[in-house]
Structures are given as C-alpha cells and as structure tokens.
Amino acid sequence: MEHTVSLKQNHEFRRLYQKGKSAVSPYFAIYCRRTGRPQSRLGITTGVKLGNAVKRNRVRRRIRELYRTNEHRFFSGYDIVVVARTRAIFGRYSELERSFLRLMKKLDLLKSEEKE
RNA sequence: CAAGCGGGCUGGACAGCCGCGCGGGGAGGACGAAAGGACUCCCUGUGAGGAAAGUCCGGGCUCCACAGGGCAAGGAUAACGGGUAACACCCGCCGGGGGCGACCCUAGGAAAAGUGCAACAGAAAUAGACUACCGGCCUUCGGGCCGGAAAAGGUGGAAAGGUGAGGUAAGAGCUCACCCGAUGGCUGGGAACAGCCCAUCGCUGUAAACUCUAUCCGGAGCAACGCCGUGGAGGGACAUACAGGCCGGCCCGGCCGUCCCGGGGAGGCGGCUUGAGCGCGUCGGCAACGGCGCGUCGAGAUAGAUGGCUGUCUUAGAUGACAGAACCCGGCUUACAGGCCCGCUUGCAAU
RNA sequence: GCUAGUGUGGCUCAGGGGUAGAGCAGCUCACUCGUAAUGAGCAGGCCGUGGGUUCGAUUCCCACCACUAGCU
C-alpha cells in the first residue's frame, strides 16, 4: 500500500477505541483519529469470536483488499482501525465494499470529489 | 444386479488484470575517500495440509545438571517373532471375542509371594447349613432335640468342576465313562502356542486396587540458545576554567565534559531449512522395511505473505468439506463434501 | 507457540468404587395486623460428551468438548 503502514501496538489500538471517532455496520466497526503524520496507519482486528484461523485470515485479507483498492479516495494522515464482525465472514464482497465506503464517508475520510 | 468388507489415490483445473512474502539477476541511487549502500523500479523463480489441528507418544537440535557406574523415588510399557534412529507406532503370527462370510475388535505378564476390596440380597462370599433330605429319641401329632450329608430350592456378577451311571439310611469325585480347566511330561513349531489313548489335581473375581516380575526413562524447551546493541544507571582514566549554558529578577547556591569497561531492557541479526528428504527402477523379504543405481531441491513469514474481479471447463452444487506452516522429522488421535481405482465376500439370475 | 488446572441441583462448593450431599436461592405451611427474621416440610441431577476396565463408575483408564489461569 502506497501511503499506509500497519498499526501494530496494542496500546495504540486501545487509544483509538477510547478516543477515536467510530462508525458501525453489521459487517465492521471502524475507528479513526487524525494524527498529522504524512502517512495513514491501518490496523485490522479479527477477534477469536469470528472462528478458526482460516476464517480470521480470510476476513483480514478481504478487509485489506477493500482498503487497498480504495486507498486513493481517502484522506491520509489518519490512524484507522477496522474491527471485523461476525457477518463479514459470509458477506458478499460487493456488499462489504458498499458498507465499507458508506462508513468511511460517514467518518469524513472520503475526498470531496467522490461525492455522488 | 443387490447388499457388504478391506486397501489406496485425490482434496478442483486453466487464462487475463490489479496486489503480497521470500530467493536470484539487472538499472537508478541520498550518503561515503573507498568497500558498501537506505530507498525506488524492471525481469524472473517460488509460495500451506492430509490432517499444517489436538499437543498424546518417540527422536534430532540447543542449554542446564551429572561428567564412571549402581541403588532408591517417580513415571511409562506389557503374549511372541520381526521392522525402525526410536516409540505406546507398523508388519507377521498366537490366544480370546464377534460375524453365514470377506473381515473386524482386543492395556493380552503374575491372583499357587503377600495385603486389601466384594455394597444389597442370601443360611453362607472363601467359609458353613435357612428350607427341604436321612437316621435316632421325644411328642400335647402342630412339631421339638441330637447326629449325618452337602445332591435339590431360593439370593447373587460369582455358591467350589459339568453330564450320565453306580453307590448309599440319605448323600457326596466316594467310584466309573465322557467333557472342561490347571500343572508336569512327550511330540510339532524359531517362539508365543497347539496336539496327546500320558500322569497328578479340581484352585471365586478384581492388579485401568496396593503390589511383584521384566524392560525403558536426567531436566527444560527455538519465546531453547548465540551475537550486536542508541539511550539511561554504575565503575575507571583523562581534563579542571577566573570561560560558557540552565534553574533564578540579582547575589549566593546547585547542575552540565571526553574516552574506556562489563552486565544488558526496547529493538535487530543468526538459529531457519538438504532432510532418518522426495520420485523412478531393480534386488532381498509373506509383509512392515532394507540394500543398490539414477534423477531432483519443493515456503521460511515475525501481528504473520496465497486475496479481489472476470471468463471457460468438470460437477446437482466450487460464496468453499475439514481446515492455515511458525525449529525440524517418525507415528497416534480427532475433523472431513464429493470423486476415482483395486481386491474380496454373500445372495439372486444367466452361461 | 508452550505449560498447568477445572467441569456435580438456579448459584457456591463437598464426595475419590456400592441408592448423590451441604449452604444460599425457590415452593408450601406455621408464627405476625402485614413483611422480614425464625421453625417445619417439599421439589429440583443421564456428575461436560463418548468408549473401556469392573458384578457395579460421579469416582479408575483412554479419547474428545468447553472454560480458566500462567510463561512470553
């Protein structure tokens, strides 16, 4: 990913859960916070409740793909955490993408020329 | 054709675009005297499993302990022969159990070394007598007392070998015939074991109760372990000021240097993938497996790389069966939609 | 990744081969004008699941499932 590195430390995740802005759909919950860095940082959470390792890996890859293919449409300089919920295992990719973009728009991360 | 038994293989394939980890090659390149080289781009190779899982056994490897051996404690295994680096695994075979059969299951040493336990029921649970049987005596004819015997009844998971005959007052392996079991002998077999017109005997079960016998086992685990290591704290050496900076309105006062050392938190590097490897052929062996020859290299991530979209094909259905390497092997166990192949059994029909 | 431990009434726990128990909670009755407390009584369990050993398993053995804790 061009302008994004991954978010790794547990305390950074916790800070976003407490202080970040959030938006929720049946597929994911997204937390974000402006940092002022030139790059954005993305963290993906796939909890144990989602299932075994294969299911968790699959969900994580699809979320990363959602972010990667739409990265040019987002503002940079944010910390973003995407938490997968149970229905994200069985959802269609197009459904997931629509839901993901709607949440990002709700958080004012979509660039303005993308408005329909 | 139907029903069934055993074994093996497979676990979607192909193409295009975007994207990821690692290896190789090439180009540019901040910095640097150079060696090198952060980073960027291009080409190319390669990229999860049969169970990668559970972590139940056995090893390799590393460190610690003992550095020779024995005993004890604790744990594991348990017919026999073989395979293996080793095993609780595998193969063969024996015994036992199930199935008409193909075949399946089997922790399968010792209870006559000793100790313990066996509730309830039952007269009695490892030893003796409730009912009933027989004999003698007594009798108020209901039965009572003494003795014999251990076959019948009932209880129980288990009641002292089983069936028949003889025998007797009634009975009893008391005697006989056959059968069953144990021990010894003989024969066969490499052995477990099997057989016998041989001899002696008739002994409850439980060791996944303690125990005994035989064999094996030191402990921890790659987050092991080794190396590098900015800063901060400690020690040593050098320098020492009347200068400068910071705290402070000012004075007074306090703090602040460079180099080396060892331990080492965060972090980084190695360990990290060529190995009891895989494929084919051949030879030995019933087989597990082993010998030889030829060929071949098939992930090494470090919050964890295989995804998304489209099309074609197989298919009833591929938005999915079960499921993700984390130091590496050999097994076991558990989960699993389908599909394919081989061998065999029983029944029916036809020849 | 590794190492331990625990599953028993609604809840917290005993029981370690022989009919499954305690406290709290629940229900009924008594006491009270009524409630609480107290007293008497009652019901509630495939002992996490499946096999095995045994005459007999909650207990012993094996394999699974779920949960908890520790190391890092």
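Hi everyone, let's start at the RNA: 13 residues surround RNA strand B, and the closest are N52, A53, N57, R92 and Y93. Near, here, is when a residue's C-beta atom, placed from the backbone, lies within 6 Å of the molecule or strand. Before I go on, this is a predicted model, where local features need pLDDT of at least 70 and side-chain atom pairs count only at pLDDT 80 or more, while totals for chains, interfaces and linings use all residues. Residues are numbered from 1 along each chain as its sequence is written, and chains are lettered from A and ligands numbered from 1 in the order in which they are written.

Back to the RNA. Helix 2, residues 53-69, gives the largest share of that nearby surface, with eight residues. Helices (H or I, at least four residues) and strands (E, at least two) are DSSP runs, numbered from the N terminus. By type, the surface near RNA strand B holds seven charged, three polar and three nonpolar residues. Nonpolar is Ala, Val, Leu, Ile, Met, Phe, Trp, Tyr, Cys and Pro; charged is Asp, Glu, Lys and Arg; the others, Gly among them, are polar.

Now to strand 5, residues 78-84, where six of the seven residues are buried. Buried is 20 or more other C-beta atoms within 10 Å of a residue's own, exposed is 12 or fewer, and partly exposed is in between, with C-beta atoms placed from the backbone.

What does strand 5 pair with? Strand 3, residues 28-34, runs antiparallel to strand 5 and is joined to it by seven bridges; I30, for instance, has V82 as its bridge partner. Strand 4, residues 40-45, pairs with strand 5 in the parallel sense over five bridges, and R41 stands opposite D79. Pairing takes at least two DSSP bridges between two strands. From strand 4 the chain passes through helix 2 to strand 5, a β-α-β crossover that is left-handed. For right-handed, the path from the first strand over the helix to the second would run clockwise, with the strands pointing away from the viewer.

Next, helix 3. Its buried residues are L96, F100, L103 and M104. They cover an arc of only 100 degrees around the axis, so they sit on the same side of helix 3; the arc is taken over directions from the helix axis to the C-beta atoms. On the face turned away from that buried side are the exposed residues S94 and R102.

Last stop: R85, in the loop between strand 5 and helix 3. Is R85 buried or partly exposed? Partly exposed, because 18 other C-beta atoms lie within 10 Å.
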